[in-house]
Amino acid sequence: MPPTPRPRAAVEPDRVAELRTLGEQVPRFMRLVHALKNSQAGEGRDRAALVLLYPLVQLGPLRQGALAERVHADPSTVSRHVGVLIEQGLVHRVADETDGRASRLVVTDAGRAALDQMRAEREALLARVTSGWDTADLATLTSLFGRLVDDLATVLPADQAAASPRETP
């Protein structure tokens, strides 16, 4: 005879309240990030294209289709952004050594410098907004936010999760 299923414990009311608050904060966070990106759009750089530099630096040369998978973006969007990166001299194409008909994208020295500048700008912004925080609070946020991002990646469909390196452009 199969075991009698145990009744599921009721979800703690405090946990439900915290999940509701988190569920409201995540979209707010995303809107703020979007607003920050838009406020920097007038700086003469295509920041959406620059984000593609990180996986190329982290993982090395990639085919354009593989890059689109890594960043969970539509291939046509990535194609447009890659065109911008090539035009700006931040990326160039090299023949794929395993298939001469294909090419891989390689970050140039100028591309690495642009990525370094973008990271420095992001870190300066984060330093400014967390300047009143003590180091322990910042470490706690960093740890828990990384954990949240990693755990969110585990609920992606298997093909997308496999293509998701720890991205921190």
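What follows is a chat about a predicted model of a protein.

Biologist: Hi! Before we dig in, what are the ground rules for this model?

Modeller: It is a predicted model, where local features need pLDDT of at least 70, side-chain atom pairs count only at pLDDT 80 or more, and totals for chains, interfaces and linings use all residues. Residues are numbered from 1 along each chain as its sequence is written, and side-chain values use heavy atoms, with hydrogens and water left out.

Biologist: Great. How many helices and strands are there?

Modeller: The protein has 8 helices and 2 strands. Helices (H or I, at least four residues) and strands (E, at least two) are DSSP runs, numbered from the N terminus. In order from that end, the elements go α-α-α-α-α-β-β-α-α-α.

Biologist: And how do β1 and β2 pair?

Modeller: In the antiparallel sense, with 6 bridges between β1 (residues 91-96) and β2 (residues 99-107). Two strands count as paired if DSSP finds at least two bridges between them. A hairpin of 2 residues links β1 to β2, and His92 sits opposite Val106 in β2.

Biologist: What does the Asp96 side chain make a polar contact with?

Modeller: With the side chain of Thr98, at 2.7 Å. A polar contact is a pair of N or O atoms within 3.5 Å; within protein, one must be able to donate a hydrogen and the other to accept it, and residues adjacent in sequence count only if both atoms are side-chain atoms. Leaving aside neighbours within four places in sequence, Asp96 is also in contact (heavy atoms within 4.5 Å) with Arg63, Ala102, Ser103 and Arg104.

Biologist: Changing topic: where is Asp74?

Modeller: Asp74 is in the loop between α4 (64-70) and α5 (75-87). Asp74 counts as partly exposed because its relative accessibility is 43%. Its side chain makes a polar contact with that of Ser76, at 2.2 Å.

Biologist: What about the phi of His72?

Modeller: His72 has a positive phi of about 55 degrees, although His72 is not a glycine. That residue is also in the loop between α4 and α5, and counts as partly exposed because its relative accessibility is 36%.

Biologist: Then there's His81. Which residues is His81 in contact with, beyond four places in sequence?

Modeller: Those are Asp46, Ala48, Ala49 and Leu52. His81 is in helix α5 and counts as buried because its relative accessibility is 13%.

Biologist: Which residues touch the most other members of the largest nonpolar core?

Modeller: Leu50, Leu52, Leu53, Leu56, Leu67, Val78 and Leu85, out of 20 residues in that core. At least two core residues come from each of α2 (47-50), α3 (53-59), α4, α5, β2 and α6 (109-129). A nonpolar core is a set of buried Ala, Val, Leu, Ile, Met, Phe, Trp, Tyr and Cys residues joined through side-chain atoms within 4.5 Å.

Biologist: Nice. Last one: what happens at the start of α7?

Modeller: There, a side-chain oxygen of Asp134 comes to within 3.2 Å of the backbone nitrogen of Ala136.

Biologist: And what share of the protein is buried?

Modeller: Buried residues are 22% of the 169 residues in the protein.

Notes: Buried means under 20% relative accessible area, exposed over 50%, partly exposed in between (1.4 Å probe, protein chains only).
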